[in-house]
Amino acid sequence: LAGMGRDAQGKGVEIQKAPAGDISRSVDLSFMDNGKSHALGKLTLYISTSAIAAALRTDLIRQGLQIVVLDAVLLLALALSLRKVVVQPLEAIGMAFGQINSSEASLSSRLPPGTSREFVGITDGFNRFVERLEQVVRTVRVHADSVATASAQIAQGNQDLSSRTEQ
C-alpha cells in the first residue's frame, strides 16, 4: 500500500501502511478517453471518529469560553449602563430628599434635569413640588410675621388701655 496522508502539522507525507481509522471508504478511480474507461487506481479514505470527536470537543470548549467572555462583557456593559441611567438619578433624588430632611430643611435644593425620558418627569415634578412648597413656606412666613406684628400691636394697645384705666 502506498499513498499520501497528512502529518500533525498538516503537511503531506507518503504513507506505506493504512492509517488507523474507525471508518474506511474505497472508490475506484478511472477516466474516460475516447469513450474508453481507463483505470487509475483505488482511493481509500480512512476516517478516525476519535480524532473528529477530539477536534469537535476542542472547538466546543473554545466556543463555550467565547460565550462566557462575551456574556461577562455584556453583563459589565449592562451594569454600567444601568448605573448611569437608573442608579445615579435615583441617588440624586435621594440626596435631594436628604437635604430637605436635614436639620436646616433647605428648600433651595433642585435636581438637575433628567437624562432619560423617565427621569425627566420625576426631576421636573420634584423641582416643581419643592418650588411650590418653598412658596407656601414663604407665604406662611409672611402671614406669621403679620400675625406677630398684629399681636404686638394688640399687646401694646392692651398695655396702653391698662395704664389709662389705672389713672
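Which residue of S4 is the bridge partner of Asp33? Here are a few notes on this predicted model, starting with that one.

1. The bridge partner of Asp33 in S4 is Lys36. This pair belongs to an antiparallel arrangement in which strand S3 (residues 23-33) is joined to strand S4 (residues 36-47) by eleven bridges. Two residues lie between the strands of this hairpin, and Asn34 has a positive phi near 55°.

2. Next, have a look at helix H2, which covers residues 117-166. With 50 residues at 1.5 Å each, H2 should span 74 Å, and the 73 Å between its end C-alpha atoms agrees with that.

3. Thr123 sits in H2. Is Thr123 buried or exposed? Its relative accessible area is 5%, and buried means under 20%, so Thr123 counts as buried. Beyond its neighbours within four places in sequence, Thr123 touches Leu111, Pro112, Pro113 and Gly114.

4. As for how the two helices meet, H1 and H2 pack at an angle of about 10°, and their axes are 11 Å apart. Angles under 35 degrees count as roughly parallel, so H1 is roughly parallel to H2. On the H1 side the contact is made by Val85, Val86, Pro89, Leu90, Ile93, Ala96, Phe97 and Ile100, while H2 brings Phe119, Ile122, Phe126 and Val130. Sorted by class, this contact has twelve nonpolar residues, with no polar and no charged ones.

Technical notes. Residues numbered from 1 in each chain as written. Predicted model: local features only at pLDDT ≥ 70, side-chain atom pairs only at ≥ 80, totals over all residues. Heavy atoms only, no water. Pairing = 2+ DSSP bridges. Helix = DSSP H or I, 4+ residues; strand = E, 2+ residues; numbered from the N terminus. Buried < 20%, exposed > 50% of the residue type's maximum accessible area, 1.4 Å probe, protein only. Contact = heavy atoms within 4.5 Å. Expected span 1.5 Å × (residues − 1). Axes fitted to C-alpha atoms, helices over the stretch in contact; angles between N-to-C directions. Parallel < 35°, antiparallel > 145°, perpendicular 65-115°, else oblique. Nonpolar A, V, L, I, M, F, W, Y, C, P; charged D, E, K, R; others polar.
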